[in-house]
Amino acid sequence: MRYLRTSQDFLFTQLQYLPFSIKEHEISTLNQMSWLMKTAAIEMRVTSLNRQRSHTQRLLHLLLDDMPVKPYLADGEGGMEDESRSVSGFLHFDTASKVRRKILSILDSIDFSQDIPEPLQLDFFDRVQIEQVIANCEHKNARGQVVCNVKYLHRVLVAEVNALQGMAAIGQRPLLMEEINTILQYVVERNKLLQCLHAKRHALESWRQLVEIILTACPQDLIQAEDRQLIIRDLLQDVHDKILDDDAAQELMPVVAGAVFTLTAHLSQSVKTEQKQPLALPMTGQSQYVLMLDGSFTSSPGSEGISMGFASIGDSSLHIILKKLLDFILKTGGGFQRVRTHLYGSLLYYLQIAQRPDEPDTLEAAKKTMWERLTAPEDVFSKLQRENMAIIESYGAALMEVVCRDACDGHEIGRMLALALLDRIVSVDKQQQWLLYLSNSGYLKVLVDSLADDDLTLQSLLTPQPPLLKALYTYESKMAFLTRVAKSQQGALELLRSGVIVRLAQCQVYDMRPETDHQGMYGMRDPPVFIPAPVERYRQILLPALQLCQVILTSSMAQHLQAAGQVLQFLISHSDTIQAILRCQDVSVGSLQELASLTGIISKAALPGVLSELDIDVNEGTQMELQGHIGRFQRQCLGLLSRFGGSDRLRQFKLQDDNAGGDRVNKRDEIELAMQQICANVMEYCESLMLQSAPSFQHAVCLFTPSLSESTNRDGPRQDTQTSVVPYWHLPGLGIIVYLLKQSTSDFFSYYDSHRQSVNKLQNVEQLPPDEIKELCQSVMPAGVDKISTSQKYVLARRRLVKLINNRAKLLSLCSYIIETCLFILWRHLEHYLLHCTPTDSQDPLLSSRMSFKKGRLQDSFGSEPNLDFSSGLNRVSQHDIEQLQIEATNSFGESLQKKLLDIEGLYSKVRSRYTFIQALVRRIRGLLRISRT
């Protein structure tokens, strides 16, 4: 390459004359252009790697400029003036003198149409047999083209004529030889057609390779973002126009689809990079991290002078690209599924442009009133999304049919991309036209029923040495799409009708849980491998099913009991697995995410009244068995509070090395979030059990005994001689609730400080010290941070800070919920024990038997397992227990804790919602503790 570069400036000189136009020698001309473009692509790649910017820049100007080429020095050096030039310098002169970009002219020179020879008209030979003979004579020539050997075919046909016998054959021999010449002439034309198509495909491949090198390998700063978008727009529109022509050869579709995929990917990336440029504007009360295309930016003070919208290419250009993409998909018809795979990928990249990027949850958004939110102007993301959806819907059932068919059948990669495309379209389809079509045409039922077929295949993936994991990835795509459908109320109803949860209950793969690898404790010691361990593969199968159940339970409002009944059947069908997960002592990311999803489902499904919704004939024996399952779920969920409400395992985890690597930092965030989610789910479950099972305050179902020893003994080792009203495994004491309340309060202030610090850092990323920037970048990109530019480091640091801010915002939300629920449960229990509970040592036998009868009746109405007797603790509560409870509660619920709780309400709860409960609950609990029992 160095020789070609220094010898008469070969490449630049030759590229100046592209495209060659010699119609008489089309095939050889195309081949010459192909090899020249491939060589130019290699040259640009090499000079970019060697940082020979001037060489790369000259070639880029030659190929991309839309102005007449400026003469260059013979030695290939343009001097300092040329070094400082960029492509954009040529894009803003007088438009009258513009010329067509050379890269587009090269594409113009490739004729996508192809003349096909007329089919054979034969009088003597059988046409089908002749086609078979021609196929048998085909071979690959030196250039790899499949052509027919004309000489060999001539010998075969002449031998056939010579073999004919009789006077008639002798008389017709001249006519037969004439027909042989016709056949040979046809084959020569056919060979020329094949060679021409091969040359065109080769030239198109070389053009695509050159374009890809320009967009990916060349230094980004040589082409400004605005010019890059304009160039990609022109390339996309021209290549679509050529392939959508009625005369375009179908053989060129695969190459064009690959080029379209690459171009759309770079267009999406370019637009999103432009959106993420921070604007340093002096906005009071707002973060400096303002997205250029954020809708709230239009109403910000001082922003009137900034043009909005996708400024570089405009919405209209994007709409044209979308229409051409959809036309291309429809042109492929029933075949060409591999071509459509590229086009689905392109469409997904295009739809990402209108997707609002991750924004930091600074806790400021909730300050806007509902009226301000309703009357806010439509931001550019929502506008483009709405217009995109209108264009997609204008194509009607024809497009729906193609995408839905590919999602249900065909090649695995095609199915995955079609499902991903359906997922994206359904998420933005406000009119739910696609969901309606999926339901009415039966495609949704086909997808649900295919889960039964996936069951056997997925079971084979849990062996230590599995076959290919394609089936697992297809299953994940399918479940992700079904989960997306379930996020709307109508979608959840359609899935319930199609029996998706019944199908999941019938799948046996969920019962094949492998043994946990205890070497991977804390999720940090597993070596990175491409094929995940059997336990990880199992979680990839189970977690999507749990998430689907959870989303259906959340979305199905009118049919909530029906959904809860079906989910309860799913839990009971796989009860051994469910109980193994609830008992699992592993503290890894995967096991905690399993627990978080499972407790979220149990808190909404294993409730009183759900048994009546089961679609089975329930006799007395079955009723007891079902109640037994539910009771075990309830008991094990309550047991989780002692593990995750600030347990020893959590303390061990928090003492892990703070200077861990990026991957460990991310896993620590995930583990912390999962633990808080588990506590929040269990507290929600306790609240639901109390509210649904108690007809009044006087007849409350108490889940916790009147003992705060759980809290007082927590700092030291647990004593076997612990003074509890009932054994620890039977019913936990209120001490666990008080401890969890204190722990969550402490965690809240820790998360709040971390959140505020991260927001401040995000506003002043450029002022952070280099070591801190490097540490933030390593959390996103563990290796190679030192090799990227400072601007890219700032981008990675911002991305990490946004993720950290949103993680802390979720933790704050969970802590706030746990605190409110703990206060509610503590208040209800204290009110029952201090006001309505009659101690066993202060009542007469008649009253005692009456109370026992009342509590037994209450327990029957609760419908739980007899072993989980929530009233048994009440029958043993003595006067001393109640007095001790009041003393300990007064000491534990002191002024400092009350002040912290009220501070949380002022800092967070009142900012997030107009309705707050902390102050009212604190006031009621304080009032209860001041009552003196007589």
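Start by selecting Arg-539: at 4% relative accessibility it counts as buried, where buried means under 20% relative accessible area, exposed over 50% and partly exposed in between (1.4 Å probe, protein chains only). Before moving on, note that this is a predicted model, in which local features need pLDDT of at least 70 and side-chain atom pairs count only at pLDDT 80 or more, while totals for chains, interfaces and linings use all residues. Residues are numbered from 1 along each chain as its sequence is written, and side-chain values use heavy atoms, with hydrogens and water left out.

A salt bridge here is a side-chain nitrogen of Lys or Arg within 4 Å of a carboxyl oxygen of Asp or Glu. Both residues sit in helix α23, three residues apart, about one turn of the helix; helices are DSSP runs (H or I, at least four residues), numbered from the N terminus. Glu-536 is partly exposed, at 33% relative accessible area.

Glu-594 is buried, with a relative accessible area of 1%. Arg-513, Glu-536, Arg-539 and Glu-594 are linked in a network of salt bridges.

Next, jump to Arg-53 and Asp-221, another salt bridge, with 3.2 Å between the closest N and O atoms. Arg-53 lies in helix α4 (residues 53-64) and Asp-221 in the loop between α9 and α10, 168 residues apart. Arg-53 is partly exposed at 29%, and Asp-221 is partly exposed at 48%.

Last stop: the largest pocket. What space lies in it? About 1800 Å³. A pocket is an open set of points on a 1 Å grid over the protein atoms alone, where a 1.4 Å probe fits, with protein on both sides within 12 Å along at least five of seven lines; lining residues have an atom within 4 Å of a point. The volume is the space filled by probe spheres set on the points, which are joined across faces, edges and corners. Of the 46 lining residues, select Gln-220, Thr-273, Ser-791, Gln-792 and Val-795, the closest to the centre of the pocket. Then colour α33, which gives the largest share of the lining, eleven residues.

Definitions and conventions: Helices (H or I, at least four residues) and strands (E, at least two) are DSSP runs, numbered from the N terminus.
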